[in-house]
Each structure stands twice: as C-alpha cells, then as structure tokens.
Amino acid sequence: MKIAILGGDGFVGWPTSLHLSQAGHEIHILDNLSRRWIDTELGVQSLTPIDSIQERNRIWHAETGRRIRFHLLDLAGDYERLKGWLGEHRPDAVIHFAQQRAAPYSMKSDRHKNYTVSNNVNATHNLLNALVETGIDAHLVHLGTMGVYGYSTIGAAIPEGYLPVGIETLDGETVSQDILYPANPGSIYHMTKCLDQLLFQFYARNDQLRITDLHQGIVWGTHTRETRAHPQLINRFDYDGDYGTVLNRFLIQAAIGHPLTVHGTGGQTRAFIHIQDSVRCIELALANPPAAGERVKIFNQMTETHRVRDLASLVASMTGSEIACLPNPRKEAHENELVVKNDQFLGLGLDPITLEEGLLSEVVDVAKKFAYRVDRARVPAVSAWTRDLAQKVEHDPEGRRLRKVG
Ligand code: USQ
C-alpha cells in the first residue's frame, strides 16, 4: 500500500513509519516538525538524541534499502497544499497522528489552549475535507485516546466506542440505538479528540469516508524492533513535566535518583500499552478497514490497566527509589476504577506485551545511558488545570512541591 503518515516524525509516528516500511509499504511522512519546535519553546529535549527526519530516513535507507519520503507540510495551516498532495499522490491509506498530544501542554496558558484547539481540530477537519474533495478512497486511521471516555467509576466495562441504549418513544415503546459513548474529556487536549469523533461520524455518514479511530491508552517503552536496528533510528523519549507520560517518567526518575512524582494519592487508574504493541495495532487496523458507508470503526488500543501508585511501587521496588506523593496539578478524580474492553484487537491476533520487570529495566537502562542529557529542573509537572491549583503547586529547587493542596 501507499501510506501517508501525518505526524510521522513523532513518538508513535516514527516507529509506525519504520514498521510499515519494513512490512513493504510505500511510506510518505507528512509533518510540520512542530514537536521539535515545542521542545525548543519549552527548552527541553528528548532524553534520547534524535536525528533530523531527513537523517533518520537516510540511515533507514542505508540499513534496509527501503525509502521513506518526507514532505514538510502543515496539515492544520496549509489546506491547499494538503489537498494538492493527496490529489497528486493518491495514497491507499492515511494515518493521522498530526496533533498536539500532551494534556499538560494544552493546559499551560490561554495561548496553549488556543493553539491545541486550532491545530488539532483544523488538522482533522482539513484532512477529512481534502479526502472528500480529491475523491480518493483512502482508509483513514486516526490515533485517538482512551481519555475521550473519562475515567469515571460506574462499575461497567468501557465498550469500544459505542454504547447500546434504549430510547423510549412517544408511544411508550423502547427503540435500541448505538450512540458514541458519552464524551467526558479531562483536558483541552482530550476535548479536541472528543470533537474529532463528531467530525468522523459526520464524514463517514455524509461522504462514506472509511474511518478507523483508535482510542489509545498511555504508551510506555521506547524501542521497537525497527528503532533498535541502528543508534540513529532511536525513538524520542519525553521525560519533562509536559510531555513525559507517567510510567516513562517514573522510569527516568528512578534512573537519575529523583523521587517518583505521584500526583495526589496515585489512585488514578489508567490504561496502558507498550510502544511495540501500539505499532502492531495500527498495522492490524490498516488491514481491517471498514467498508464505505459503514460507521466509524472504533478500537480500544490498550492492553492493561494500572493504578498510578501501583506503578510507582513497582518501579520503587525494582530500583530502590523514593516515592513522593505531590499535590496534583490536574483536576481529576483522586481514585477511580477502570475496566476496558479490547476484544477487537485480541480477536485480530494481538498478543499483548505486558508490564514485566525485564522490559521495565530495559527502559531504565536507556534512561541511565542518556541520564547526562536530563535537566532535573524540567522533571516537575508545573502546568496546573486551574488558577487555584496553580497557586497550590510550588517547588523547591529540586522540583519537590512545598505546599499541600487544600
Ligand atoms: N501522573 C502522575 N505523575 C506524573 C505524571 C502523571 O501521577 O509525574 C498522573 C496524572 O495525574 C494522570 C496519570 O498519571 O492521572 C496519567 O498522566 P499521563 O501524563 O501519563 O497521561 P495523559 O495526560 O492522560 O496523556 C497521555 C498522552 C496522551 C494520550 C493519553 C492516553 O500524553 O497523548 O492520549 O495518555 S489516556 O490517558 O488513556 O487518555
């Protein structure tokens, strides 16, 4: 297949590009390199030293003989070029990763809120609009989030996208309908992914676009088979308070002797998936597109759930790290249960990689190898969800918070 990978320079986009290239597909990365610019804005860098996208592609070609093409394009800002590119190259599939993906970054300030909404919503809408205009029948696979469901505890498993409901008619009969599971975003970033769902629903119905939306959990790990093939193919690894996700943060914190930064009681339960499985799921979704006219296909792309404090205890027991329970800068439930259905990917043959010490210590080894690149001042999470929370989050020079919430 000819596949356009929008956002193919990012944390999930890059290993996906390599994996699908290795599988024999013709890969085109379209990216505006915004993730690299945001590093510059924040004054941080990936823990792992990553090369330019052109250099990464050169090494991939030298190692495998396969070519990945790069096209510098701003999906959200340059609709005409996007439409022109799609019309000229006519890909069989488009994978859409090209969105600002960090919840804390999206909550930093009014400017960051505006940027996240306009970038993410315009990116998705421009793409859908251009697919209709060019008339190409490409399967669109979008990386969404488990966060569209919220994390509330209602004693039922979260279904894969749709909730069967009974609606009472005026005659007192009950009619059944499948509706999108009620959206319950916990940040501006998550809210944009909820808006995406409505855009997809409309375009699948109105224009018969073939769309798959992947509701992904928190990714952990850094390597995949292909990124291991050469030191310059290495994936990025974020550890800072805005872009670092919880388990990867705990692993780097352990490696540099920083207390593990648990927000609140650590009673938050979240869904997780290893980066290798994430890449595999995207391949499975590509191979199983919906038909034209079918509703949006939604998969829950996660393999296990864990409570934040249990993850901290696991990492502490492996590494001897201290745990610091800090005031939570986010507005979120202190404790929640989370049961999630993921039968579809399991049915398609996904054999999940689960959290085990071997893999965790592998990440600690990556972290130790590059620990000299860590700026400890960037470890604390300082983006607060509200002004009140911001006032309660203060730090000493080592990044430990001094005052308790409430
Ligand atoms: N947390 C800590 N300590 C930390 C960092 C986070 O306790 O040092 C807590 C947070 O308060 C939260 C949980 O860990 O309760 C998860 O935070 P996270 O930063 O790992 O994940 P999140 O903000 O939800 O976002 C990440 C990705 C996003 C993806 C989402 C999947 O950045 O792109 O969509 O995970 S999900 O969480 O399932 O919605």
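This passage describes the overall build of a predicted model and then some of its local features. Residue numbers start from 1 along each chain as its sequence is written, and side-chain values rest on heavy atoms, with hydrogens and water left out. Because the model is predicted, local features need pLDDT of at least 70 and side-chain atom pairs count only at pLDDT 80 or more, whereas totals for chains, interfaces and linings use all residues.

Along the principal axes, the C-alpha atoms fill a box of roughly 65 × 55 × 40 Å.

Of the 406 residues, 55% count as buried, where buried means under 20% relative accessible area, exposed over 50%, and partly exposed in between (1.4 Å probe, protein chains only). Among contacts (heavy atoms within 4.5 Å) with a separation of 6 or more, 79% come from residues 24 or more positions apart. The chain exposes about 16900 Å², of which carbon and sulfur atoms supply 50%; accessible areas come from the Shrake-Rupley method with a 1.4 Å probe. There are 42 positive and 48 negative side chains, and the centres of the two sets lie 5 Å apart. Lys and Arg count as positive and Asp and Glu as negative, while His and the chain ends are not counted.

Strand E12 (residues 297-301) has 4 of its 5 residues buried, so this strand is largely enclosed by the rest of the structure. E12 runs parallel to strand E8 (residues 211-216), to which 5 bridges join it; two strands pair if DSSP finds at least two bridges between them. The bridge partner of Leu214 in E12 is Phe299.

Most residues other than glycine have a negative phi. Leu33, however, has a positive phi, near 60 degrees. Leu33 lies in the loop between strand E2 (26-31) and helix H2 (34-42), and counts as buried at 18% relative accessibility. Arg90, also not a glycine, has a positive phi of about 40 degrees. The loop between helix H4 (79-89) and strand E4 (93-96) holds Arg90, which is partly exposed, with a relative accessible area of 44%.

How values were computed. Charge placed at Lys NZ, Arg CZ, Asp CG, Glu CD. Helix = DSSP H or I, 4+ residues; strand = E, 2+ residues; numbered from the N terminus.
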